[in-house]
Amino acid sequence: MKDIHVIKINIGSPTPQQTELRKESARLWNRLVKLHKYNRKRHWKWLGKFDLSTHFKGRFDLHSQSIQALCEKLSANVDTTRTNRKNGDHKARYPWRCKKNFQVCIWKQAAIKVNGNRISLSNGRGRKPLRFKLPRTMPMGKIVQAELGFRELRLTISNEIDKPSSAGLNTVAADVGIIHTAVMTDGVKSLGIVGRGMRSLTQGKNRKLAFYTQALAKCKKGSRKSRKLRIAKAKMLNRYENRTHNLLHHVANQMLDFCVGRDAGTLVVGDIANIAKGKKKKHAKRSNQENSGSPIGRLYDYLRYKGQLRGVEIVKINEAYTSQSCPLCDHRHKPSGRNYKCTNKECDFVGIRDNVGAANILNKHYNGKIVAGTLLPPNNVKYLRPVKLRQSVVDPLNKGKLLSTTHTKVTVPLGAGSKIRCDYDTGFDLETHTL
Ligand SMILES: [Zn+2]
């Protein structure tokens, strides 16, 4: 079994050689897209990756395999769009942007040489190779691909490992949500993972995004101010990305820890892909924002690959009505708070909402539908926080006023006992993320 990791290495500001490589890649990409478009519009035969790479071989200042890799990338994009359109997504667009200035440059295994902690990426005969220093800690395995992006080098590392045996015969079901990223149960024990940290990150991001959009709209295009704002916006988004990435990895690990601890080789999750699509009624802005901004789809990807390494299989089922049905009498109603209280007069079931959801998902997985009275959720749920968010000084949204950057180290008391150091005397209230 292959264990594949992708690591990102920060390489700082691009050198002229790196920029030239990314520009050359963009030139090739633009030609590829144009050629594909030309053939598509005339209903001619679409060129496959082999036709494309034979056509462009040796025409660009790149390693022959780098050219091949981009041709493969284009045909993979075309294939994905084709399947998406076949499956009913008519908004999916074939690659169309043919005025790119930069494109990632890809190296395949044959062009990669590693010597100690140095990596050398060949650009073909007669051209200078690109050299980087590797970080001290690297995952085990062979580097099979390298990608040069802006200030970033991505290495794909593949390692051959033995396929792990299944973690057990038991099954765990998880109800995935926003307040609790996941509540899991196997019918005996329940574990919840608190999602408030994640929600606060998403909300903070959306709020800052609104600020930047507004401020940018007031700016003259191309002005120094707008440039500064765009850089700040990109940095903010990057930070958000890194934080959610970290948080989701922790959540996935904790979920799988629970499964392995309960001897469960199967983890059943609700299929969230169709939540937003099928709904007729438009929700309040707030819940729409929460659903579209929530990165839970990515959590499933992490669960799948981490599960493979630990012998846990992920099964998706339709989670319709699982959080509304009473597990005792099958009466349906939509709970409004965090608790589920059955509204059927002859039934007095009370439970924790997400826990009820998880138990019903498990019930549905065992029986094909929810069979009332067969599986009741456990009474207790233990809650875990994925990680403690680093308490940082949140950059205040000061509506265009300049920050006073006098370096007077002040200590701002934050509630009972906790203190946070602030390097800038900003004159604004500091916010804390309370989990
Ligand atoms: Zn009931």
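# Salt bridges and a helix pair

Asp301 has a relative accessible area of 38%, which makes this residue partly exposed. The model is predicted, and Asp301 takes part in a salt bridge with Arg304. The count of salt bridges in the model comes to 13. This briefing covers some of these, and then the packing of helices α4 and α5.

**Within helix α8**

- Arg304 and Asp301 form a salt bridge in which the closest N and O atoms are 3.5 Å apart.
- Both Arg304 and Asp301 belong to helix α8, where three residues, about one turn of the helix, separate them.
- Arg304 has a relative accessible area of 42% and is partly exposed, and Asp301, at 38%, is partly exposed as well.

- Glu241 pairs with Arg298 in a salt bridge, with 3.0 Å between the closest N and O atoms.
- The relative accessible area of Glu241 is 35%, so Glu241 counts as partly exposed.
- Arg298 is likewise partly exposed, at 25% relative accessibility.

**Other salt bridges**

- Glu147 and Arg154 form a salt bridge, and their closest N and O atoms are 3.1 Å apart.
- Arg154 is partly exposed because its relative accessibility is 21%, while buried would mean under 20%.
- A network of salt bridges links Glu20, Glu24 and Arg27.

**Packing of helices α4 and α5**

- Helix α4 (residues 196–218) packs with α5 at an angle of about 170 degrees, and the two axes are 10 Å apart.
- Angles over 145 degrees count as roughly antiparallel, and α4 and α5 are therefore roughly antiparallel to each other.
- On the α4 side, the residues in contact include Met198, Leu201, Leu209, Tyr212 and Leu216.
- On the α5 side, they include Leu229, Met236, Leu237, Tyr240 and Leu248.
- Charged residues also take part in the contact, among them Lys205 and Lys208 in α4 and Arg230, Lys233 and Arg243 in α5.
- By class, the residues of the contact of α4 with α5 are 13 nonpolar, four polar and five charged.

Note on methods:
Residues are numbered from 1 along each chain as its sequence is written. This is a predicted model: local features need pLDDT of at least 70, side-chain atom pairs count only at pLDDT 80 or more; totals for chains, interfaces and linings use all residues. Side-chain values use heavy atoms; hydrogens and water are left out. A salt bridge is a side-chain nitrogen of Lys or Arg within 4 Å of a carboxyl oxygen of Asp or Glu. Buried means under 20% relative accessible area, exposed over 50%, partly exposed in between (1.4 Å probe, protein chains only). Helices (H or I, at least four residues) and strands (E, at least two) are DSSP runs, numbered from the N terminus. Axes are lines fitted to C-alpha atoms, for helices over the stretch in contact, and angles run from 0 to 180 degrees between N-to-C directions. Angles under 35 degrees count as roughly parallel, over 145 as roughly antiparallel, 65 to 115 as roughly perpendicular and the rest as oblique. Contact means heavy atoms within 4.5 Å.
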